[in-house]
Amino acid sequence: MSIVPAGSTPRSVALGDAASHDYVSIFIAGQMFGIPVLQVQDVLGPQRITRIPLAPPEVAGSLNLRGRIVTAIDVRTRLKLPKNTDGKESMSVVVDQGGEQYSLLVDNVGEVLSLTSGTYERNPATLDPAWRDVSNGIHRLDGNLLIILDVARLLDFATSADAA
Amino acid sequence: MDDLLSEFLTETNEGLGTLDLELVRLEQNPNDPGLLGNIFRIVHTIKGTCGFLSLPRLEAVAHAGENVLGKIRDGQLVVTPVAISLILSSLDRIKMLLATLEATEAEPDGNDADLIAQLNAFADGQLDELPGVAAAAAPEPEPTPEPEPVPLPIAKAAPTPSTAVAKPKPTAVAQPEPAAPPPPAAAPRAQADGDVKDSAVAASNIRVNVDLLENLMTMVSELVLTRNQLMQILRGQKDSEFGIALQRLSHVTSELQEGVMKTRMQPIGNAWAKLPRLIRDLGIELKKKIDLQMNGADTELDRQVMELIKDPLTHMVRNSADHGIETPIDRLMAGKPETGTVTLSAYHEGGHIIIEIADDGKGLATELIKKKAIQNGLATEAELAQMSDQQIYQFIFKAGFSTAAAVTSVSGRGVGMDVVRTNIEKIGGTIELKSAPGRGSTFVIKIPLTLAIVSALIVECAGERFAIPQISVVELVRAAPGTETQIERLNGAPVLRLRDRLLPLVGLDELLKLRHNHDTSTECFIVVAQVGTYSFGIIVDRVFDTEEIVVKPVAPLLRDITMFSGNTILGDGAVIMILDPNGIAAATGEITVGSDNRGAAETAVVRGRQIDKTSLLLFKAGDDSPKAVPLALVARLEEIDRKEIEYSNGKPVVQYRGKLMPLVPIDPSLRIGHEGRQPILVFSDKERSMGLLVDEIVDIVEDVLHVELGSDKPGLIGSAVLAGKATDLVDTGFYLMQAYDDWFGSRSDGALDHVARTLRVLLVDDSPFFRNLLTPLLTIAGYEVSAVESADRALDLHEAGEDFDIIISDIEMPGMNGFEFAAQVRGDGRWRHVPMVALSSHATPEDLDRGREVGFNDYIAKFDRDALLTSLSATLNLQREVAA
């Protein structure tokens, strides 16, 4: 079963669009990513997570978000990055996707950034395929590059794994 | 107003509301098949419901409208504004009829010949423009082609207009109205009024968005958690002034929780309430005799789920009555009782609700389905030739598929089964179909409990906690090495001796691939679970308390993991996974619930609950091929030290329980070693025991037994497929005779000694296995046996003038079952006084009573050899005494 609803976020951002888009910035292994702010429901500190045996490796477990059971996704594993070794516990960014809530485990959460299409670039051709799969493009920031995370595709590993 | 009608009005008004919107969308997107399909289904449902509520006017209009839509769907007509206007005007007519219906509980006088004529003319392609009444509507794209709505339509019919509308209770409207039709003056006004949206009935019930209830539920769960925390704090403090207030809070919270839960749970009987009437009316319309049986009407299920399965259920019951059950004449000719039975059953099974719709009709017509599949281009003849019947049956779930020769007003448009499947799959359920020609069809719907409260046992394994639904837990056993209950291993597979039975075990850590540091050589716990008739043990490290939990469905990402039926939040706020005993049983390879393997069972059984399963002990001896004996014949499984085997008269024996027990090898050429341990199967009868030497005990399986190949080899009955492998079935009788020549003969020291004449036994059983097993057994016991495979064949013998001293009959048989057979025998003819013994693999008290009622003298369980022989002689003796 696919968890990508029909009306998910657009795959590409129109270049002529002068309006700004707001992103919650997150950090994973030093890299900055942005999640469209409207998709973010909650940002939480470290949580008690119940492991789920036999689940795909990207699934870190389930957690209790005010009485709702939310599936936690280990974004590091999803991006084929090694486990976090600095001993700091992960932060959770809760997103809504197709009526289901998911908690994305990330290293750190930054501020909300308002970005215009002026700094937008398409995915560079050299980007790792695993990353390109979940990236909606790049924003050039001062001293940093922000990758726009396509949440729907980030959570779509179940079907891509099935196909493989 | 009766509940049925009021519910119909609410539903139909809703449906009509949707239709208005959808039709306008259709006009804009005439090529959207999904939209069209949806519209067609709604109209179809309205028509169907009218049909069994005896609303001929409504039905006629809906039928004509559906006809036009059907042609559009099949591409015979195109969507034009004229078509849409026509259909809209038929909807308006329906609304007008509904308004009157609501006010007077009866359809208004008059007829709709004009509108129907137009619809039919259009359906035949003879109408391009709208004449007369509806003409004004044609150019308007809006969905309200009828003239101005007149306010307060209900007032016209009711003598007290001002109060009637305000009162939410429909009965208030209806009461002052005499049974007479509405005043003539009111009728034309009602006709003119097409738009009756604000139904008073719809207002008497509030439809609440399920999300809202879900949110409430969540809030209540939170409240309960907070309450629990507060109570915890309170317990730590003595004489707190908060005590009384907290008590009250606690009570209110519990009641609130209960109330919110209740809003969602309803007995399934509510969804069935319409069905008896439906069946009755269908029976009259189709000139069939149909009996509807409903079991488990009080099984509770989620309101949301029920809403979604109500229509599918209606469709399926209607299908069973229409397509499944034959006419009384056909039934009599097929040797079945005149009255056909449609059986509805519902029950909970390990986190699922199972609903079965079974009929004892003619079954699905494979040939017709094939023909239709080719016609519709769904498959080629070559493809069909390769398919099993089971695969072919699946075609009936395709859209537009109906094999009914003629489209009746009841069914046959092929709208039913694809809607059914869509609706059921929408809620994560599955639907299975079993059918046997001449014996009927069974649909099994399995729906997960999306929200239900169950009592669950909390266990721990490898540091993780899991919940097991209490309903499937039979008992808990503490196992520790060196005690009476300890885990033993058969070639690595853990088993437990539990009250003289061998219980297969499965480790939760292995099952869930948990890294485990727990030392299994120390104590652990075994949760004995039962799924269907199959018992097994789950090994866990610790057992905590039981807790009432709210089952929540797992995230879509995790639905493929069959081990879990859901998850929940415990009192301490932690998330915990709920184990699904069905999934675990399936994973241990014992049960094939819902899997393809079930196909093998289909041909043998008609009804899922009556699957004739046999427990078999699998072992290896001699060659590599697995062998099996019915578990019920085996008294004990033992392992003896080979050093203990002695020889008497050249034959191996062992001292066993103070006696010498002969040992018989399956393979005569077997050389018994002197070292190690020797597994044996012990067969016992009174004082005597015999040990069958085997190489290895493999497993115990429960399966439907099909002896597929007979065998000429002594000692083998034949072969069957068990646990996916070809398995030799061992003829125990043969080996018993090797140990004691007179094993069976010893029976004759009983009552039969003085009988000079050989008594003749008629054995009726559809299973070749049982015929093969019982025939030699009975022959050796001194009876002359005639074995036949069906009641019909038995009756043929009656016709042929054969006589018997006693009849032994199976109960579950295809065609005529044992009860019907007994009734027939007892009815008249020469066999009227011949004693009868019923043989069945499951004997509930109800079965026993029923058996006696129809004339069985005794009722015994299959495989109980002693009981059978005792019963035979006792019954015969009794018979002689009566005769004397």
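Leaving aside neighbours within four places in sequence, which residues is B:N423 in contact with? They are B:L308 and B:P312. The model in which these contacts occur is a predicted one.

B:N423 sits in helix α20 of chain B, which covers residues 416-426. Its relative accessibility is 13%, so B:N423 counts as buried, the cut-off being under 20%. B:K310 is 113 residues away from B:N423 in sequence, yet the two C-alpha atoms are 9.6 Å apart in space.

**Chain A**

Chain A holds four helices and eleven strands. Of its 164 residues, 46% are buried. Among the contacts in chain A with a separation of 6 or more, 58% are between residues 24 or more positions apart. The chain exposes about 7900 Å², and 52% of that area is supplied by carbon and sulfur atoms.

**Nonpolar cores**

The largest nonpolar core has 59 residues, and those with the most contacts inside it are A:I26, A:L104, B:L508 and B:I538. Strand β15 of chain B (residues 534-540) gives this core its largest share, four residues. Another core, of 44 residues, lies apart from it and includes B:V43, B:L55, B:L101 and B:L119.

Beyond its neighbours within four places in sequence, B:L508 touches B:V459, B:C461, B:F466, B:L514, B:I538, B:I539, B:V540 and B:L579.

**Strand β33 of chain B**

Why is strand β33 (residues 806-810) of chain B described as largely enclosed by the rest of the structure? Five of its five residues are buried, so the rest of the structure largely encloses it. In a regular strand, side chains alternate between the two faces of the sheet. In β33(B), B:I806, B:I808 and B:D810 lie on one side, B:I807 and B:S809 on the other, and all are buried.

| Partner of β33(B) | Residues in chain B | Sense | Bridges | Residues opposite each other |
|---|---|---|---|---|
| β31(B) | 759-764 | parallel | four | B:V764 and B:S809 |

Technical notes:
Residues are numbered from 1 along each chain as its sequence is written. Chains are lettered from A and ligands numbered from 1 in the order in which they are written. This is a predicted model: local features need pLDDT of at least 70, side-chain atom pairs count only at pLDDT 80 or more; totals for chains, interfaces and linings use all residues. Side-chain values use heavy atoms; hydrogens and water are left out. Helices (H or I, at least four residues) and strands (E, at least two) are DSSP runs, numbered from the N terminus. Buried means under 20% relative accessible area, exposed over 50%, partly exposed in between (1.4 Å probe, protein chains only). Contact means heavy atoms within 4.5 Å. Accessible areas come from the Shrake-Rupley method with a 1.4 Å probe; for residues, only the protein chains shown count as cover. A nonpolar core is a set of buried Ala, Val, Leu, Ile, Met, Phe, Trp, Tyr and Cys residues joined through side-chain atoms within 4.5 Å. Two strands pair if DSSP finds at least two bridges between them.
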